[in-house]
Amino acid sequence: FGFFEVPGGYDEPRATAEREMFIYVLGGRLQATSGARAKTVGSGDIVYVPRGSAYRLQVQSPYARYVLVCSTPYLENRIDSMSPEEAEQARLHIKPN
C-alpha cells in the first residue's frame, strides 16, 4: 500500500507491474495506461493493472493524489496454486464491505 501526492506535469516512466495492482484516485486527474488501454481518470476512479502488464501514470491537473495497492508474492502463489474447486469456494465466500 502506498499513498502518493504528485505535482502537475509528473510523468511516471513506463514500467511493468511485478504484482497485480489497483490505483485509487483520491484527487486530481491522471492519464493512466494499463496494458494497451489508456484513459483519463479522476477522483473515485480505479485503475487495474494485471501482473506482468505495462503501466504509466501522467498527471493532467495541478496535482494528483492516489493510493496504490498491490498484491504480495504469498497471495499470488496461493491464488495460482488453487484447484478449480478451491477457487470456486473462495468466490462463494467473498463478502463485500
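The model is predicted, with local features needing pLDDT of at least 70 and side-chain atom pairs counted only at pLDDT 80 or more, while totals for chains, interfaces and linings use all residues. Residues are numbered from 1 along each chain as its sequence is written, and side-chain values use heavy atoms, with hydrogens and water left out.

Along the principal axes, the C-alpha atoms occupy a box of roughly 50 × 30 × 20 Å. Of the contacts (heavy atoms within 4.5 Å) between residues at least 6 apart in sequence, 74% link residues at least 24 apart.

Tyrosine 55 belongs to strand β6, residues 54–70, and is classed as buried because its relative accessibility is 12%. With residues up to four places away in sequence left aside, tyrosine 55 touches Glu12, Pro13, Arg14, Ala15, Thr16, Ala17, Met21, Thr33, Ser34 and Val49. From tyrosine 55 to methionine 21 the C-alpha distance is 10.0 Å, and the two are 34 residues apart in sequence.

Alanine 17 is found in the loop joining β2 (15–16) and β3. Its relative accessibility is 3%, so alanine 17 also counts as buried. Under the same exclusion of residues up to four places away, the residues touched by alanine 17 are Val49, Pro50, Arg51, Gly52, Ser53 and Tyr55. Alanine 17 and cysteine 70 are separated by 53 residues in sequence and by 9.2 Å between C-alpha atoms.

The largest pocket holds about 190 Å³ of space. A pocket here is an open set of points on a 1 Å grid over the protein atoms alone, with protein on both sides within 12 Å along at least five of seven lines, and lining residues have an atom within 4 Å of a point. The volume is the space filled by probe spheres set on the points, which are joined across faces, edges and corners. The lining consists of Ala32, Ser34, Arg37, Ala38, Lys39, Val41, Asp45, Ile46, Val47 and Tyr48. At least two lining residues come from each of β3 (21–34), β4 (37–42) and β5 (46–49), and β4 contributes the most, with four.

Definitions and conventions
1 Å grid on protein atoms, 1.4 Å probe; cavity = no way out; pocket = protein on both sides within 12 Å on 5 of 7 lines; lining within 4 Å. Buried < 20%, exposed > 50% of the residue type's maximum accessible area, 1.4 Å probe, protein only.
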